[in-house]
Amino acid sequence: MTNPNDKENKDDTHNGKVGVYICHCGGNISDHVDVDKVRDAAEDLSCVKVARTNMFMCSDPGQNMIIEDLENGEVDRVVVASCAPSLHETTFRSAVERAGANPFVYEHANIREQVSWVHHGDPATDKASTLVAAAAAKAENLEPLHPVRVDAFRHATVIGAGIAGMKTAVDIARQGIDVALVEKTTQPGGRLNTLHTLAPDGEKAGDVVDAFYEEIQNSERITVYPNTQVNDVKGYVGNFTLTLATDGENGRADTTVDTGAIVMATGSQSYTPFNGEYAYGEHPQVITLPELIQTLAENSGDENTLTVNGKKIRNMVMIHCVGSRRIPGIHETKEDANLNEYCSRTCCSAVLHAGNFIRETFPGTSIFDMYRDIRTYGRGQEELYNRAAENRVVFMRFEADAPPRVESSDTGNFPLSVTVSDGLTFNEEMTVPADLVVLATGVEPTDISGIAGMLKLPRGNDGFLNEVHPKLRPVELPVTGVFLAGTCQAPMDSSEACNTAGAAAAKVSALLGKGYIELDPFVAHVDEEKCTGTGACVDACLVDDALELVETEVAGQTVKKARVTAALCQGCGACVAVCPENAIEVNGWTLKQYEAMVDAIAAA
Amino acid sequence: MSDTEHKTDGDKKQMLKQLRKQRKESVARATAIMKKSKKEMKMVRGALSDGPATVPQIAEATGLFSDQVLWYVAAMKKYGEIQEAEKDGAYFQYALVGARETTEPQEG
Amino acid sequence: MAEPQVQHFDTIVIGGGIAGLQSALDLADQGYRVAVVEKDASIGGKMIRLSKVFPTLDCASCITTPKMASAAHHENITLFTYCNVDGIVRMGEEIHARITQNPRYVDPDKCIGCRKCEYACPVYLPDMEQGGFSAKKAISIPFSNAIPQVAVLDAEHCMLCGQCETVCPTDAVDYFMEPETFTLTARTAVLSTGFELSPVKDKAQYGNGEIPNVIDSLQMERLLAPHGPYNRVLRPSDGMEPDSIAYVQCAGSRDKSMGVSYCSRVCCMYAIKQAMLLSGALPLADITIYYMDIRAFGKGYEQFYQNAKAMGIEFVKAKVARINEGDGGSVTVRYENQDGGGIQTMDHDLVVLSMGILPGWRPEPYCPVSTDSDRFITSIKPKISPVLTDMEGVFAAGAAAGPKDIVDTISESGSAAVEAAKYMQASEPILETQP
């Protein structure tokens, strides 16, 4: 690993050649901030050479303004005042680089999220001017920096061997990268192993698993670790070391795997209703959809009527949105359990698919389908809905605050009755006698608190893993080098899970393909002449192994000096705050730069 | 692709004449559109010469349909001739930008 | 600007919307050389024309322009804009795409995008980039964040007055430009040809597009965009700020009479999103959504829907039977209330039709790839890899392979990129990435 920024940076020259570029953002900024005023204020700053505005700085004409000014030697430091840096900082850094300059002589001022979207009128314009002044003051003190280049293992680890994990592993391996595929159960296949046929076209779930099974078992590049969990993670992007714990006949065995990237494909599980939810657990003839699917596999198609638990099913009620789409204040759940406000996405089609199969195979079984909205959104799914109507499935619609009531019954010889206020018949209260009630239970993420904790991965209120950005970086997690695929992110069907798996594989292949990785240079940097080896920085450091004291020879004496492992350093600055000698700084965020910003803000 | 750079001005004039002949229909169509909009935008300008007005007020003053007036107002605003003024009830008023020549594109 | 007659790439991407750009970027980042062919004068597709996007309400420009800029500046990506595809065939180991470059009548190598020509041009035309609500000139830059920033002359509406040529500082205008044809070859292709809205003119019950103040959802995107035609939401008949706005869901979907029996998958969410943006822009306006089922199935979508309800947006479960012109620019909506109200009518100032999604491009007769009864490109392995078509080495991504939202489109595009890469690795492995 090399960190070219470890050499002594030259002091800056204060030549006042900062260029400031202010974005209208098509009105997003200029509707509230007087952009021309901000430009005039910037022009008056001693460090600023030119200040310009554009409708969209991120557009080609906007970027070309920067490039021209740099190429003409008009400016040598650049500030763009626009949206949040998370959106466009890299856009402008690359524009600076295209002009032949170092991409890190660039500073970003956020005058949209931090100004125009939250302030209005003169205060907005004043704040924008202040932020621009601070950014320009810092920019004048910026030094060229170089990315930290680290070697990377051409090896990826996929955690979870469901459909998403298998597809990710195959797709990565076919790009010439080795893969460890870690599965906590005995078999690859995940939730597909529990399914019968798949909506909407009726492919056998087993065939879908088999499509990958042979390749993951036989590929020279894929090593499958069944009965295995990740016990420990060390390292950083390109250079992770995982400890895998495998349960075998002779107890637990640990394996160490060096890997460049990690793909979370830890999947999801079916929601289990709490005791008494729609009489589940209180009555044997109230079952979940996955339980119904299991029994379908056991039923022969010879009979006229479906049999469940040894009972002929004449009337069957299917209830949607069990454990999904719950609304705070209306729905309740058991303590500790998540309310599950989300839609589980796959249940509507799964219910209709199972319903059609039953109506077409066992015409003696009638079906009453109680739903809130039918969400047959995907290709071929609306046809399932139409077919269910043709199959004379009886639809009844209920409101979120008036769910069906499932009760034991002694009327006739039906063991259950379901009462619902049906929105399709002017909210008339209807009671359906039933032999079986099937709950279309939703999806919940599997418990991944262990690995998510080790890697510090963010999860949403819903418990699913949160991507960096749903559109800009949908399969990446904020921990560099860690990706996600499939239903650990959100409910999705097998097609959608496979698409995210492919997308994750594309990102892993691009990351590891070169054999090295370039990281941002904003890491701690030790001034060895000033460092007296107090070790205060090492104690303050929040990341294991990012800082250490090493012995070194100075003028014939052995002394201790702090040393940074750049790839591990998060650039948080905790070390900077505690150093008594001011001997450690974060590149790109030096104390001198901060002082210049504070002075500019105070002067504004 | 024809390369006009090697042609003399005289050659080019001749070629352009030829092209106008070839594209007689589209040239006529474009000219008609231009004449109509020129005339009607003049009417809109006239209606605003005494001060700001709303789209229905401009329509009444000019006899143009109000949707057409709004279209001209949007166009003239885009090209810097008109700016939005105070709101009057449910309608915004529009005003001429004045003598100052606006060259900066407002919008794309 | 003449293109060489034949140019070689690893992958040809047809369609430079968000799907095509994502596939191109994912392939280019792995070292493959990619050609992106786009029919419009700018890349960016439908997404760059949107206002904000659900469920995060990020502005669409903010998400799309970085991808457009990265594609435009990527050393492995070459853009071919304003081009038609005349044919895509497999010839042995290669895909051959026959392309026609439509004439811009402006030399893209000379044009600096200064818009002097646009200001000089005397011909005002409806700007379809702004839903037709504003004007452009017969020569113009397509829109402010278009890539490339090159003017295009509309020869069908050009007077040949010579003004643009006179003012052009770089002599870029060329009235004599002709279409040019050339061939791209590659080992793989990605079809990311997107969608079009089902046309309002086909819907007689909703007025065939002739009722004032009945607009489609993409037009509403422009009204809501910060750099839209009016810079605010006004009704197009007379510039009134609307007090009452209605959405008619499934206006062109789940409707056999329109030939669209499928669900278009995005309309519920875009209507809810637009309703939320409207209630921000016009806090006092009443907003009603007439719907059959609300399909808020993606990550965070249901919560987005519940928030919209909590904000006071009215959801009426009803099938809209007919839309008529009302008094004073209003629109009368006649609907069957499914919650027991029977047939009712309601007047609104502005009505938005949530039109459905149709394929943006029919492969037949240009490309021998199969389509389904829904007319979108057929997937031969819908469960394990929806991007696989029945043409070897040809993959589909985004709305070309069925309606889908941006999130699903982006992951599918990554998936198409990896399938294309797998195909190329299998035929001629490049285990070490090309420089």
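Trainee: Which residues point one way from E20(A), which the other way, and are they buried or exposed?
Mentor: This is a predicted model; local features need pLDDT of at least 70, side-chain atom pairs count only at pLDDT 80 or more, and totals for chains, interfaces and linings use all residues. Residues are numbered from 1 along each chain as written, with chains lettered from A and ligands numbered from 1 in written order. Ser366(A), Phe368(A) and Met370(A) take one side of E20(A), Ile367(A), Asp369(A) and Tyr371(A) the other. With buried meaning 20 or more other C-beta atoms, placed from the backbone, within 10 Å of a residue's own, every one of these is buried.

Trainee: In E21(A), which residue is the bridge partner of Asp369(A)?
Mentor: Strands are DSSP runs of at least two residues (E), helices of at least four (H or I), numbered from the N terminus. Strands pair if DSSP finds at least two bridges; E20(A) and E21(A), residues 394-397, run parallel with four. The partner of Asp369(A) there is Phe395(A).

Trainee: Which element gives the largest share of the side of chain C that touches chain A?
Mentor: Contact means C-beta atoms, placed from the backbone, within 7 Å. By that rule, 66 residues of chain C meet 65 of chain A. Helices H2 (60-73), H7 (301-310) and H8 (406-427) of chain C each give two or more residues. The largest share, 14 residues, is from H8(C).

Trainee: What percentage of the 435 residues in chain C is buried?
Mentor: Chain C has eight helices and 24 strands. Its C-alpha atoms fill a box of roughly 65 × 60 × 35 Å along the principal axes. The buried share is 62%.

How values were computed
Buried ≥ 20, exposed ≤ 12 C-beta atoms within 10 Å, placed from the backbone. Contact = placed C-beta atoms within 7 Å.
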